[in-house]
Amino acid sequence: MKKLFKGFAVAAALSVSAGAALNAHANTAELDKILEQVKKERISEGKINQQREQEFLSARSDKQALLNNGKRELAAEKARGEQLKKQYAQNELTLAAKETELETAKGTLGEMFGVVRRAAAETIGSIEASVVSAQFPNRDEVLRSLAAAKELPTTRELEELWIGLQTEMTESAKVSTFDVEVAQLDGATSVKSVTRIGTFNLISEDGYLIYHPETKQVQPLGRQPDAFITNAANELRSATAGSYVGFFVDPTRGSILRLNTQKATPEDRFHQGGEVGYIIAVLLVIGFIIALVRLIDLSLVSSKMKAQLKNPGSANENNPLGRILKVYHDNKHQDVENLELKLDEAILRETPRIEAGINIIKIFAAIAPLLGLLGTVVGMIDTFQQITLFGTGDPKIMAGSISMALVTTALGLIAALPLILFHAVVHGRSKSIVHVLEEQSAGIIAAHAEKEKA
């Protein structure tokens with residue numbers, strides 16, 4: 001056993017020594033490889049560093065060349081700048097000398113330049129607003145350029161100014177007809193024949209026209225003047241050459257015509273009276289109808305009574321006198337006192353029919369001015385209320401209420417005057433009929449009394 005154990009120990013020792021030797025050999029090989037690799041990399045890095053050094057040295061020489069080149073260009077530009085400064089200063093001197101020379105050469109032409117500009121500016125305003133521009137448009141373009149010019153005008157420009165002024169003067173003495181586009185009040189446009197009276201007015205088949213210089217359009221008036229004025233305009237349009245007709249000219253070139261469109265018409269005045277004015281108008285209409293009906297009725301009654309007077313022996317009951325005579329015929333055998341009472345009763349019975357409606361006319365004539373006074377008070381109350389709310393800065397705010405106050409007063413008086421006249425006429429006619437009845441009744445009683453005495 002001992003021998004066996006020793007053998008195992010020897011074998012184990014040999015195996016350990018052999019393994020250690022193999023490991024040492026392997027480590028040595030790896031270190032050699034690393035050493036060789038380090039040597040190779042050192043050689044490669046050395047080449048790269050050398051290349052970088054060469055590139056740096058090369059670039060350094062290039063940068064220096066660029067720096068030198070930039071310095072030379074800077075020096076050249078500075079020299080050029082100095083030269084330009086001297087040239088600029090010299091040019092300023094030259095320009096001042098030339099301006100002085102120009103002013104000396106212009107002499108009195110400078111004054112003419114100012115006169116031309118002022119005349120052109122003044123002419124533009126008159127030409128733009130002139131109705132002649134409706135026939136000859138775009139006349140102000142040359143004048144505008146002339147008024148805004150900063151140099152002396154040319155001969156052609158002076159001629160244009162002359163032509164513009166001469167055209168305006170020449171056309172102001174002419175009555176000419178031409179076709180132009182007219183803008184209607186509803187926005188539509190149509191070409192119409194327009195007659196121009198000097199530099200005052202434009203007229204067409206629709207009446208007076210207005211030229212708007214802002215839009216350069218011709219447009220009818222919102223409301224034409226009175227009929228006799230438009231009739232004179234139509235007569236002028238239809239007049240032949242060489243004839244003379246009357247015409248109403250607006251010397252303000254349309255301003256008065258424009259104001260005419262703002263003037264209230266009688267219808268507008270009537271509506272300004274408001275509800276009180278309408279009530280007054282209704283009273284006037286009703287009173288007029290009553291008066292007219294009563295006048296017709298009384299006229300018929302009067303004619304029938306005249307026919308009855310021609311035939312007193314035959315009583316006709318279609319009229320008051322006939323009915324009075326019938327009462328007499330029915331009671332002619334009575335004594336005078338009874339007959340008188342019968343006839344008076346018949347007259348009293350006829351009187352309400354004859355005087356029917358007369359008192360209503362009288363009442364309406366009395367109420368109308370009182371209603372006008374009521375409208376005045378209401379209008380003044382509204383006026384003071386508006387003054388309280390808005391002050392007195394704008395009179396137009398109070399104009400409506402003041403108009404109501406004045407218009408209702410006028411309407412009350414206008415209604416009262418004819419109603420009083422109607423009442424007087426109708427009352428007089430009825431009184432004449434009643435007077436005939438009383439006269440005939442008195443005559444009948446007197447005749448009957450004479451018969452009794454006989």
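Reader: Which residue in strand 3 is the bridge partner of isoleucine 197, and how should I read such a pairing?

Author: A pairing of this kind is read residue by residue and then strand by strand. In this predicted model, isoleucine 197 has asparagine 201 of strand 3 as its bridge partner. Strand 2, residues 189–197, and strand 3, residues 201–204, run antiparallel and are joined by three bridges.

Reader: Where do the side chains of strand 3 point, and are they buried or exposed?

Author: Asn201 and Ile203 point one way from strand 3, whereas Leu202 and Ser204 point the other way, and all of these residues are buried.

Reader: How many bridges join strand 3 to strand 4, and which residue of strand 4 stands opposite isoleucine 203?

Author: Three bridges join strand 3 to strand 4, residues 207–212, and the two strands run antiparallel. Isoleucine 203 stands opposite tyrosine 208 of strand 4, and the hairpin that strand 3 forms with strand 4 has two residues between the strands.

Reader: Where does phenylalanine 178 lie, and why does it count as buried?

Author: Phenylalanine 178 lies in strand 1, residues 175–183, and it counts as buried because its relative accessibility is 11%, which falls under the 20% cut-off for that word. Leaving out residues up to four places away in sequence, phenylalanine 178 touches Ala134, Gln135, Lys192, Ser193, Val194, Arg196 and Leu202. Phenylalanine 178 and serine 193 are 15 residues apart in sequence, and their C-alpha atoms are 5.7 Å apart in space.

Reader: Is glutamate 168 buried or exposed, and which residues does it touch?

Author: Glutamate 168 is found in helix 5, residues 155–171, and it is buried, with a relative accessible area of 12%. Not counting residues up to four places away in sequence, glutamate 168 touches Ser126, Ile127, Ser130, Val132, Arg139 and Thr199.

Reader: How does methionine 112 count at 30% relative accessibility?

Author: Methionine 112, which is found in helix 2, residues 109–129, counts as partly exposed at 30% relative accessibility. Methionine 112 and leucine 152 are 40 residues apart in sequence and 8.5 Å apart in space, C-alpha to C-alpha.

Reader: What describes two packed helices, and at what angle do helix 9 and helix 12 pack?

Author: Two packed helices are described by the angle between their axes together with the distance between the axes. Helix 9, residues 274–310, packs against helix 12, residues 358–390, at an angle of about 165°, and their axes are 10 Å apart. That angle makes helix 9 roughly antiparallel to helix 12, and helix 9 passes helix 12 in a left-handed crossing. Among the residues that make the contact are Val276, Ile279, Leu283 and Gly287 of helix 9, and Ile360, Phe364, Ala368 and Gly372 of helix 12. By class, this contact of helix 9 with helix 12 has 13 nonpolar, three polar and no charged residues.

Reader: How do helix 9 and helix 10 pack, and which residues meet there?

Author: Helix 9 and helix 10 pack at an angle of about 45°, with axes 7 Å apart, and the two helices are therefore oblique to each other. Val301, Met305, Gln308 and Leu309 of helix 9 meet Pro320, Leu321, Gly322 and Leu325 of helix 10. The classes in this contact of helix 9 with helix 10 are six nonpolar, two polar and no charged residues.

Reader: With which residues is valine 327 in contact?

Author: Valine 327 lies in helix 10, residues 320–330, and counts as buried at 15% relative accessibility. Leaving aside neighbours within four places in sequence, valine 327 is in contact with Lys342, Leu343, Ala346 and Arg349.

Terms used:
Residues are numbered from 1 along each chain as its sequence is written. This is a predicted model: local features need pLDDT of at least 70, side-chain atom pairs count only at pLDDT 80 or more; totals for chains, interfaces and linings use all residues. Side-chain values use heavy atoms; hydrogens and water are left out. Axes are lines fitted to C-alpha atoms, for helices over the stretch in contact, and angles run from 0 to 180 degrees between N-to-C directions. Helices (H or I, at least four residues) and strands (E, at least two) are DSSP runs, numbered from the N terminus. Angles under 35 degrees count as roughly parallel, over 145 as roughly antiparallel, 65 to 115 as roughly perpendicular and the rest as oblique. A crossing is left-handed if the near helix is turned anticlockwise from the far one by less than a right angle, and right-handed if clockwise. Contact means heavy atoms within 4.5 Å. Ala, Val, Leu, Ile, Met, Phe, Trp, Tyr, Cys and Pro count as nonpolar, Asp, Glu, Lys and Arg as charged, and the others, Gly among them, as polar. Buried means under 20% relative accessible area, exposed over 50%, partly exposed in between (1.4 Å probe, protein chains only). Two strands pair if DSSP finds at least two bridges between them.
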